[in-house]
Amino acid sequence: MRRINAIPTSARLGRRSLIAAAALGAFGRHGFVTPAEAAATMIRWLHLEVNPQILKIWNAAAVEFHAQHPDSEVRLQFLENEAFKAKLPTLLQSPDAPSMFYSWGGGVMRAQIETGALRPVQMDDAWKARLNPAALSAFTSDGKIWGAPHQMALMDVYYNKTLFKKAGVAAEQIRTWDDLLAAAKALKAAGITPIAVGGGDKWPIMHWWAYLVVRAGGRQALDDAKAGRNGGFTAAPFVEAGRLLKQLADLQPFQPGYLGATFPQMLGTFGDGRAAMMLSFSGSYARQAHAAADGKGIAHDDLGLFAFPGVAGGKGLPTDTMGGMNAWLVSHTAPPQTDAFLNLLTSLKYQVETAATGIYMPSVPAANSAITDTLLQQPAAELAKSTYHQNYFDQDLGPDVGRVLNDQTTALVAGSITAEGVAKQIEEAWKLSH
Amino acid sequence: MEAQSLSGLSPGAALALPPAGGQARRRRSLGQRLWSTGPVLVLFLPPALLLFTALVVVPILDAGRYSFFDWSGYGVPTRFIGWRNFDLIWRYPAFHQALLNNLLIIAVSLCIQLPMALGLASLVASRIRGAVTFRMIFFLPYILADVAAGLIWRFMYDGDYGLAAAMAHVLGLPAPYVLADPHWAMTAVLVVIVWKYFGFHMMLFIAGLQGIDPALLDAAAIDGANRLQRFRRVTLPLLTPTIRLSVFFSVIGSLQLFDLIMPLTKGGPEDSTQTLVTFLYSFGIMRMRVGFGSAVGVVLFVICVVFAFGYKRLAFRDV
């Protein structure tokens, strides 16, 4: 009989060598940036940046700082986004804690402050004066500044000019939520999917709700809710935002399969011209092009954007904005030279260079003039005249409540919870964690 | 291939052989035995014990401790909250869904995957032409990394550019988005699970079938038993230990299921495809609630321990 050649069911594994981590530290003291001579002070800089244009600017800043302070050395350390989030809590408690690291502010930063992992940044008046006040206030807590803001983002509604023309919709005339609903109806009537969202990742839907809260309740809404006034997150603006978003969802304006779509798929749907609008970050021209099936997406001239529409009777101003703010936070073990380096890094010179890349909006408004991309100039102008800039809700409220927000707003759009239900769930989650 | 693996095994096989000569037959005293095993113990036990303690025992104990705290992972846990984390777990509809899904996976494993694996194993274990090729084809999905399999199937199910879209296009139907549909997503995930793991169980059964003495089947045949009778009365009873093993792997696999789900659905839409581990990840780790996540981990640990020992007592009682 032929022997059946199956898997070795009782394979003798033998003794397995446990030699493993010998190569750790192989990178040794060969810095990424500065010359190899031993420096008295080491500034460890933990970042998530992968774009070579930005890294080039940062390296130049590190080299310049070393030239000015020969006893200090700046070393860049990279961690991928998810790895960064997972490892940071442990890293901050280790002797190798980074001196300065990337932050989105909000709830995570507050947790870091509470546990004494951070120290305030020593910022002089000239430094403060050149920064965007909204960014500065996002990183201010208990009257102390905890981070040096270096870049900003804004959420806008992006639209496909060709599809709008086809449906006879004029973007300039979308000023209120009702206008947007009318536009969605017109697009649907023309056989065009009005809006692309990423319901699989959930937060792209959450931002629609959050912006509606900002429009309906204004600056005061979120502060009141956090302080537990007017019923916290069950207050009128939050329920109203849910009600309005439900109105939109009832038109079934989203691409088929939107509940499973990720953010890149949402960008792809929009970039392929399979949906007419999307709510996305500044700098989304490149994003949609990258995500499109042909790698080109919508041509620059064919892409437009407008500010999120207002809400009838809402307390928010049309000039209120929502978007992200990023800063470098300083850990409690950081050498004093870190502050001086941050001052240099967020100086006008380097902010101008950052703005010129067209990748991020600078945190120094004076650097806006260096922005050449018209699709980035528009949000930069909105930001410059912003009456109140709200951080992303999921960052502001922290990862715990933020995720509840994402879950519940997506469930609202999917039709499995009411506007009141969303508000109640968020309030419960907020109470539970505070 | 076979020759290579045989030569690879030969040093180990040589080691397992008793030393040559009459020395092996002589009874050795305790002292002698200690003398020979002592250095091995001193050399090999501490590293293993240290690693096991540091990487398994300590984290388990730590997780048990953290589960009684409201802790974000920053600093040291200070807010002791007693059993509240455990109380909270039960209040999440997503947890109930996760538990239900785990049971569903076990049920599908037992009712669909196991019979399918057994049936295919009996087919490809026999001497029909191309059996080896089929065996390899059926086993291939198991070799694939879970994440890779998840990504491949995400593309297959994709209603925009995936296989599902292409098939719907050919048939002139609207493209389905199964992974985006809360009613169908779990079914789609179950299909992937069966596709991915039945090959492994098939291999278990092939190994089990190999272990059956053909003389028994021949004897039954001579006694006039037909194919079905031989299968039911001879093969199946003799395969019982393998079936028990297959069930054990199915249950443990279901409780551990994570890396297939993440690229497919991340537990969505609307938590319809959560498993216990994805629940732990998305409600504990991603929300920076290390205390809560630890509590879920403790629940999972208890379920695993109860099952492992209970199953051993029940199913392997007579072994």
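This is a predicted model: local features need pLDDT of at least 70, side-chain atom pairs count only at pLDDT 80 or more; totals for chains, interfaces and linings use all residues.

When the angle between two axes is over 145 degrees, the pair counts as roughly antiparallel. Helix α16 of chain A covers residues 398-414, and helix α17 of chain A covers residues 419-433. Their axes cross at roughly 170° and come within 9 Å. The helices α16(A) and α17(A) are therefore roughly antiparallel to each other. On the side of α16(A), the contact is made by A:Asp400, A:Val401, A:Val404, A:Leu405, A:Gln408, A:Thr409 and A:Leu412. The partners supplied by α17(A) are A:Ala419, A:Val422, A:Gln425, A:Ile426, A:Ala429, A:Trp430 and A:Ser433. Sorted by class, the contact of α16(A) with α17(A) has 9 nonpolar, 4 polar and 1 charged residues.

The side chain of A:Asp400 meets that of B:Arg289 in a salt bridge, with a distance of 3.6 Å from N to O. Between chain A and chain B, the count is 4 salt bridges. In the contact of the two chains, 42 residues of chain A take part with 40 residues of chain B. The area buried between chain A and chain B is about 3500 Å². Carbon and sulfur atoms give 58% of this area.

Helix α8 of chain B (residues 185-210) packs against helix α10 of chain B (residues 227-256) at an angle of about 150°, with the axes 9 Å apart. That makes α8(B) roughly antiparallel to α10(B). The crossing of α8(B) and α10(B) is right-handed. Among the residues of α8(B) that meet α10(B) are B:Phe200, B:Leu204 and B:Phe205, while those from α10(B) include B:Leu239, B:Ile243 and B:Phe249. The residues of this contact divide into 8 nonpolar, 6 polar and no charged.

How do α4(B) and α8(B) lie relative to each other, and at what angle do they pack? Helix α4 of chain B spans residues 93-124, and its axis is 7 Å from that of α8(B), at an angle of about 45°. The two helices α4(B) and α8(B) are therefore oblique to each other. Their crossing is right-handed. In the contact of α4(B) with α8(B), there are 20 nonpolar residues, 4 polar and no charged.

Two details of the backbone remain, each in a loop. In chain B, the peptide bond from B:Gly268 to B:Pro269 is cis, with omega near -10°. B:Pro269 lies in the loop between α11 (261-264) and α12 (276-285) of chain B. Phi of A:Lys202 is near 70°, a positive value in a residue other than glycine.

How values were computed:
Residues are numbered from 1 along each chain as its sequence is written. Chains are lettered from A and ligands numbered from 1 in the order in which they are written. Side-chain values use heavy atoms; hydrogens and water are left out. Axes are lines fitted to C-alpha atoms, for helices over the stretch in contact, and angles run from 0 to 180 degrees between N-to-C directions. Helices (H or I, at least four residues) and strands (E, at least two) are DSSP runs, numbered from the N terminus. Angles under 35 degrees count as roughly parallel, over 145 as roughly antiparallel, 65 to 115 as roughly perpendicular and the rest as oblique. A crossing is left-handed if the near helix is turned anticlockwise from the far one by less than a right angle, and right-handed if clockwise. Ala, Val, Leu, Ile, Met, Phe, Trp, Tyr, Cys and Pro count as nonpolar, Asp, Glu, Lys and Arg as charged, and the others, Gly among them, as polar. Contact means heavy atoms within 4.5 Å. Buried area is the accessible area (1.4 Å probe) that two parts lose on being put together, summed over both.
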